[in-house]
Amino acid sequence: MQDRQPERMELRVPYRDIDMHGRMRTAAYIDHAEEALARFWRFRPEVSNEPAYVVRKVSCTFYRGLKNEEVADLVVRAAKIGGKSIGFNVAVQSGNGIAAEVEILWTAVHSGSGEPAPLPEATRDWLYSYVE
């Protein structure tokens, strides 16, 4: 079922991600959000001369700490689609609410020079179906 919903990834909080207070450690939210985003990104359309994408900004807003073995659903959405950048929002949902939101900003760059590059039209069109 998850292959039909590339924007969703289920997470069962592993013990290794638990801090001394019994909640998922701060950096683990970003680790799992990046994993969900990488999984989502595999479903994009193939384009010739695709630019590379570099992270420019990451932020996380916490609402509730997840606990060991708790199940969460990570949902990736395109929050901003610019000419040369993409802003993603990854909602970490558990139960009836959101435990955290991770915002990740990517910039498209030319692979050789590292200079900013335009987003391919096919990629932009695909991303619009996942706008929040």
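Predicted model: local features only at pLDDT ≥ 70, side-chain atom pairs only at ≥ 80, totals over all residues.

Visitor: Which strands form the open sheet, and in what order?

Guide: There are 5 strands, in the order β1-β3-β4-β5-β2, and their pairing is antiparallel. From one strand to the next, the twist averages 25°.

Visitor: Why are β1 and β2 said to stand at the edges?

Guide: Each of β1 and β2 (52-62) has a single partner strand, so one side of each is left without a neighbour in the sheet.

Visitor: What joins β4 to β5?

Guide: These strands, also antiparallel, are joined by 10 bridges. Ser94 stands opposite Gly97 in β5, and Ile86 has Trp106 as its bridge partner in β5. The hairpin of β4 and β5 has 2 residues between the strands, and Gly95 takes a positive phi near 65° there.

Visitor: What makes β4 a mostly covered strand?

Guide: Of the 10 residues in β4, 9 are buried. A residue is called buried when its relative accessible area is under 20%.

Visitor: Why is Met9 called buried?

Guide: The relative accessible area of Met9 is 8%. The limit for a buried residue is under 20%, so the term applies. Met9 has its place in strand β1. Met9 and Gln93 are 84 residues apart in sequence, but their C-alpha atoms are 10 Å apart in space.

Visitor: Which strands do the helices lie across?

Guide: α1 lies across β1, β2, β3, β4 and β5, and runs at about 60° to β5. α2 lies across β2, β3 and β4, and runs at about 130° to β3.

Visitor: How many residues has the largest nonpolar core, and which have the most contacts inside it?

Guide: This core has 33 residues, and Phe88 and Leu127 have the most contacts inside it. At least two residues come from each of β1 (8-12), α1 (26-41), β3 (71-81), β4 (85-94), β5 (97-109) and α2 (121-128). The largest share, 7 residues, is supplied by α1. In soluble globular proteins, nonpolar side chains tend to be buried together.

Visitor: Which residues are in contact with Phe88, leaving aside its neighbours within four places in sequence?

Guide: Among them are Leu37, Phe40, Trp41, Val76, Ala78, Val102, Ile104, Trp106 and Leu127. The list also includes Arg77 and Glu103.

Visitor: Why is the ring pair of Tyr53 and Trp106 called tilted?

Guide: The ring centres are 5.8 Å apart and the planes stand at 35°. Rings pair if their centres lie within 6.5 Å, and planes under 30 degrees apart count as stacked and those over 60 as edge-to-face, so an angle between these limits is tilted. The pair of Tyr53 and Trp106 is therefore a tilted one. By the same rule for rings, the count comes to 11 aromatic pairs.

Visitor: What makes this pair a tie between parts apart in sequence?

Guide: Tyr53 lies in strand β2 and Trp106 in strand β5, so the pair ties together parts that are 53 residues apart in sequence. Tyr53 is buried, at a relative accessible area of 18%, and Trp106 also counts as buried, at 12%. Ring pairs link both into a cluster with Phe40, Trp41, Phe88, Trp126 and Tyr130.

Visitor: How do you know that Asn49 is exposed?

Guide: Its relative accessibility is 77%, and exposed means over 50%, so the term applies. Asn49 lies in the loop between α1 and β2. Its phi is near 55°, a positive value in a residue other than glycine. Most residues other than glycine have a negative phi.

Visitor: Why is Glu69 called partly exposed?

Guide: Glu69 has a relative accessible area of 44%. Since buried means under 20% and exposed over 50%, a value in between is partly exposed. Glu69 is found in the loop between β2 and β3, and its phi is positive, near 70°.

Technical notes
Residues numbered from 1 in each chain as written. Heavy atoms only, no water. Core = buried A, V, L, I, M, F, W, Y, C linked by side-chain atoms within 4.5 Å. Buried < 20%, exposed > 50% of the residue type's maximum accessible area, 1.4 Å probe, protein only. Helix = DSSP H or I, 4+ residues; strand = E, 2+ residues; numbered from the N terminus. Contact = heavy atoms within 4.5 Å. Pairing = 2+ DSSP bridges. Axes fitted to C-alpha atoms, helices over the stretch in contact; angles between N-to-C directions. Phe/Tyr/Trp six-rings, centres within 6.5 Å; stacked < 30°, edge-to-face > 60°.
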